Amino acid sequence: MQLIISSVFLLSAIKLSFGATTGDTSEVSLYQNYEGVIPNVKSAMLASIRTSWEQGTAAGGILEYDNPEYSVFGRSPFTSNGKEPISALQLAYSAAVRQTADGRLSQNIGDALDGAALDGASAGSVVLMGSFTDESRKAYWLNASEAELNYILNVAPRTSTGAISHRADSRQYWADGVYMGFPFIAYYGAVTQNQTLLQIAYDQCRLYRDALLLDGPTGKLWGHIYSDDTKTWTDKGLWGTGNAWAALGMLRVAVTIQKANCGSGMTGQVSDLMAWVKEILDGEFAALTSENLIPDYVIGGPTFDDASASAALASVAYRSVTLFPHQFGSNYTTVANKLRDAVLSRVTNLGTLSPVVDPLNWDAQGLLSTEAQSFALMMFSAWRDGLGL
Ligand SMILES: *[C@@H]1O[C@H](CO)[C@@H](O)[C@H](O)[C@H]1NC(C)=O
Ligand SMILES: *[C@@H]1O[C@H](CO)[C@@H](O)[C@H](O)[C@H]1NC(C)=O
Ligand SMILES: *[C@@H]1O[C@H](CO)[C@@H](O)[C@H](O)[C@H]1NC(C)=O
């Protein structure tokens, strides 16, 4: 124990002196500058009324910020270290209490009529996390997460290629679904040591990319919504947040496979997923506006500055550079830093990100976006973890 402590100490001493010669010290003081706005960003998220996907996304962001050791980016996230990740479990508990009988988490609001098949699963990972971090409710968490897994694998409609539909009453691909559903399937596989589930999560990402990938003015990016029932685009625009959902989801599936005991032998799948993440970062980062923000749409919709997609994609870049340094050079950090400064310097007195796309109307600016608040927590946590703070 003594030895471990002193080598950790030594490591941080080396890091600090290294940082001093490479300019990291200015990053550390910037970090301390921005640190003060984050509690308001977090409380604005918790204060906001949330739908199913917002509940799960809020839980994901708060876990990375408050208990990074249990997020899939942590060192050994699939077992308990004795600590209870209370704030994420609080959000998970509400998602489970509001589960509908068919298994969808966070669904029992507004008469349970929102029609989403995958959105509820966005809280699935934190609900399953309860089974090994909150012993007193172990059976409750297991039942709730098993019901959610059963719904997405066996009840939700499938498209003609076998992709799980994003909607409950029709067959549709939404880029959003890649974050909502597939990280949970992979996480379930990692926690229960079931490689079949890791492979299903990978295959679902692949099928969604096959359906939604388009050529855009700045490279290949994902269209937002395609109907497999009518074989037409509902939204063919290259939406910033849609691409961010896809990148956030594929990154989490890749890292989960990489960390799972049963994921060895799946290096090809991990490198495919990270190549697809890179494709999105390249297309979106080449479209930065004069304010150093991601536009709402690259093409096919309005191009106003959007701090929401910007924070999400900056978080993806920070994590990718830290975890896959050979594939992602320091040029990704350079862009992520620009996005971070543009986003955090615009946080309002109420802690809200601005300007942001309205999460209920992708063509318009909104006043408050719960997902944007969570994306900012993800960005800040990814930056912090990359600095080793
Ligand atoms: C398991 O979860 C389902 C879906 O929420 C629920 O209907 C059922 O009552 C739960 N069973 C137990 C034993 O908690
Ligand atoms: C792994 O998950 C799949 C899909 O849910 C299931 O059919 C299979 O029985 C599971 N395997 C084990 C060993 O639990
Ligand atoms: C970073 O540099 C690599 C290698 O030159 C290039 O392929 C990639 O497109 C660049 N990405 C960004 C976001 O600048």
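**View 1. Glu-148 in helix 7.** Glu-148 sits in helix 7 (residues 138-155) of this predicted model. Helices (H or I, at least four residues) and strands (E, at least two) are DSSP runs, numbered from the N terminus. Residues are numbered from 1 along each chain as its sequence is written. Local features need pLDDT of at least 70, side-chain atom pairs count only at pLDDT 80 or more, and totals for chains, interfaces and linings use all residues.

View 2. Glu-148 is buried yet has no salt bridge. Buried means under 20% relative accessible area (1.4 Å probe, protein chains only). A salt bridge is a side-chain nitrogen of Lys or Arg within 4 Å of a carboxyl oxygen of Asp or Glu. Arg-104, the nearest side chain of opposite charge, is 7.1 Å away. Lys and Arg count as positive, Asp and Glu as negative; His and the chain ends are not counted. The side chain of Glu-148 does reach the backbone nitrogen of Leu-105, at 2.9 Å. A polar atom of that side chain also lies 3.5 Å from the backbone nitrogen of Ala-121.

**View 3. Ser-106 in a loop.** Ser-106 belongs to the loop between helix 5 (86-97) and helix 6 (124-133). Its phi is near 55°, a positive value in a residue other than glycine. Ser-106 is buried, with a relative accessible area of 5%.

**View 4. Gln-193 between two helices.** Gln-193 lies in the loop between helix 9 (182-192) and helix 10 (195-212). Phi of Gln-193 is near 55°, again a positive value.

View 5. The peptide bond from Ser-354 to Pro-355 is cis, with omega near -5°. Pro-355 is in the loop between helix 14 (330-344) and strand 8 (356-358).

Technical notes. Chains lettered and ligands numbered in written order. Heavy atoms only, no water. Buried < 20%, exposed > 50% of the residue type's maximum accessible area, 1.4 Å probe, protein only. Polar contact = N/O pair within 3.5 Å; in protein donor to acceptor, adjacent residues only side chain to side chain.
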